[in-house]
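Dear colleague,

I am handing over a structure that you have not worked with before. Please look through the sequence and the model first, and then read the notes below.

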Amino acid sequence: MASSDPNTPPAPNARSFDGISHGYAPDGRPVTPPPVPLETIVGDVVDNLSATARAELALLEARSELALHGASWTAAWGAVAATALGIAMLALAFGAILALAPHVGPFVATLIVVAVLLAIAGFAGWRAQLSYGDIRTALRRDLTNEGIDDASDA
């Protein structure tokens, strides 16, 4: 005789499958839930799209804030580097004038140093102009050059 306590294991020769489902509903067919109205489904989709759009805008805002932070610190450290480079160039120029002055005189030494610095500045300006052209090409709307879309190109 089977025990009335459900926690006791069944006898070894008794085959009891109570409470075990093998893909069949033990109490008959399950009750199907009522169909969800289309308005509810559409409302859920709109809510999900709205939440996604808000999340994307928040992400874009966070990325722009990070870019602004990085750009401002880059500009600050770039200004420090440019100032240090300018002072170093002045020291180099004065040192070159002092080194050349005993050989060619102070006026000619100054002219030589100024001419060399103007040549360096001209080369740097030429390279900067080439790099500016790359920037304009990258930001151009018409990359195939089929039409003029930049006001300065006209």
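Helix H1 (38-104) and helix H2 (106-139) each supply at least two residues of a nonpolar surface patch, and H2 gives the most to this patch, with seven residues. Helices here are DSSP runs of H or I of at least four residues, and strands are runs of E of at least two, numbered from the N terminus. This is a predicted model, in which local features need pLDDT of at least 70 and side-chain atom pairs count only at pLDDT 80 or more, while totals for chains, interfaces and linings use all residues. Residues are numbered from 1 along each chain as its sequence is written, and side-chain values use heavy atoms, with hydrogens and water left out.

The patch covers about 960 Å², and among its residues are Leu85, Met89, Val104, Phe107, Val108 and Ile120. Its members have over 30% relative accessible area and no salt bridge, and nonpolar side chains (Val, Leu, Ile, Met, Phe, Trp, Tyr) are joined within 5 Å, whereas like charges would be joined within 9 Å. A salt bridge is a side-chain nitrogen of Lys or Arg within 4 Å of a carboxyl oxygen of Asp or Glu. Val108, placed in helix H2, is partly exposed, with a relative accessible area of 37%; buried means under 20%, exposed over 50%, and partly exposed in between (1.4 Å probe, protein chains only).

For the chain as a whole, the secondary structure comes to two helices and zero strands, and 5% of the 154 residues count as buried. The chain exposes about 13500 Å², of which carbon and sulfur atoms supply 68%, by the Shrake-Rupley method with a 1.4 Å probe, where for residues only the protein chains shown count as cover.

After H1 comes Gly105, whose phi is positive, near 95 degrees. Leu100, which lies in helix H1, is partly exposed at 27% relative accessibility. Leaving out residues up to four places away in sequence, Leu100 touches Gly105, Ala109, Ile112 and Val113, where contact means heavy atoms within 4.5 Å. Leu100 and Thr110 are 10 residues apart in sequence and 8.5 Å apart in space, C-alpha to C-alpha.

A search of the whole structure finds one aromatic pair. The rings of Phe123 and Trp126 have their centres 5.9 Å apart and their planes at 45 degrees, so this pair is tilted; rings of Phe, Tyr and Trp (its six-membered ring) pair if their centres lie within 6.5 Å, with planes under 30 degrees apart counted as stacked, over 60 as edge-to-face and the rest as tilted. Both residues, Phe123 and Trp126, lie in helix H2, three residues apart.

With best wishes
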